[in-house]
Amino acid sequence: MADQKTSEVCIVDLIPALRAFARTLCRIPDDADDLVQETLTKGLANMDKFEPGTRMKSWLFTIMRNTYYTHVKFAAREAPGLLDCASSRPVSEATQEWTVQSKEVHGAIQRLPEHQREVLMLIGVLGVSYEETAEICGCAVGTVKSRLNRARANALEFLGESSLQTLMERRNQLSDGQRHIEADRRF
């Protein structure tokens, strides 16, 4: 019983990471939440199959990834409708520069092929190691590194940047310009 409580606490602590990973796989937030719920349900139902000494996070990420790809196979047969429904768009866009930049980066990440987006989010956002990512994705560590490199390069290309350095310089210039505009408004 003590082991079961420890496992439950570990699972609860991993929910934010599971949600973040699910949102990289599913573009619709409600679908991502459903994926997390299904992953947790399967994880708890199959707790007897969890091997002590292995990482719970990797185990749950693997369950989530497999569940997602199973759903993709079924959805391809069903073709339920458009992903980009007009009702899910905001009525008016925010005007803050950081919001615009955030949307640009999000759009660039969403344009990446699934396998690149998955690796970029696992390593770059969630901080999962190369080895764990390779285990989760079912490929070699070298493949993970290659996908990550391509994902970074493609995301920069989608953003119209030649390097991460130029992106940061542009961001700093925009931030400085925004400060000057706000200072002018005060006077």
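**Exercise 1.** Which residues in α5 meet which residues in α7?

*Solution.* A word on the model: it is predicted, local features need pLDDT of at least 70, side-chain atom pairs count only at pLDDT 80 or more, and totals for chains, interfaces and linings use all residues. Residues are numbered from 1 along each chain as its sequence is written, and side-chain values use heavy atoms, leaving out hydrogens and water.

Start with α5: look for His-115, Gln-116, Val-119, Leu-120 and Ile-123. Their partners in α7 are Val-144, Arg-147, Leu-148, Arg-150, Ala-151, Arg-152 and Asn-154. Contact here means heavy atoms within 4.5 Å. Sorted by type, the residues of this contact give 6 nonpolar, 3 polar and 3 charged. Ala, Val, Leu, Ile, Met, Phe, Trp, Tyr, Cys and Pro count as nonpolar, Asp, Glu, Lys and Arg as charged, and the others, Gly among them, as polar.

**Exercise 2.** Work out how α5 and α7 are oriented.

*Solution.* Take α5 as residues 114–125 and α7 as residues 141–158; helices are DSSP runs (H or I, at least four residues), numbered from the N terminus. Their axes come within 8 Å and cross at roughly 95 degrees. Axes are lines fitted to C-alpha atoms over the stretch in contact, with angles from 0 to 180 degrees between N-to-C directions. So α5 and α7 are roughly perpendicular (65 to 115 degrees).

**Exercise 3.** Find the buried residues of α5.

*Solution.* Buried means under 20% relative accessible area (1.4 Å probe, protein chains only). In α5, that picks out Gln-116, Arg-117, Glu-118, Val-119, Leu-120, Met-121, Leu-122 and Ile-123. Just past α5, Gly-127 has a positive phi of about 75 degrees.

Conventions:
Helices (H or I, at least four residues) and strands (E, at least two) are DSSP runs, numbered from the N terminus. Angles under 35 degrees count as roughly parallel, over 145 as roughly antiparallel, 65 to 115 as roughly perpendicular and the rest as oblique. Buried means under 20% relative accessible area, exposed over 50%, partly exposed in between (1.4 Å probe, protein chains only).
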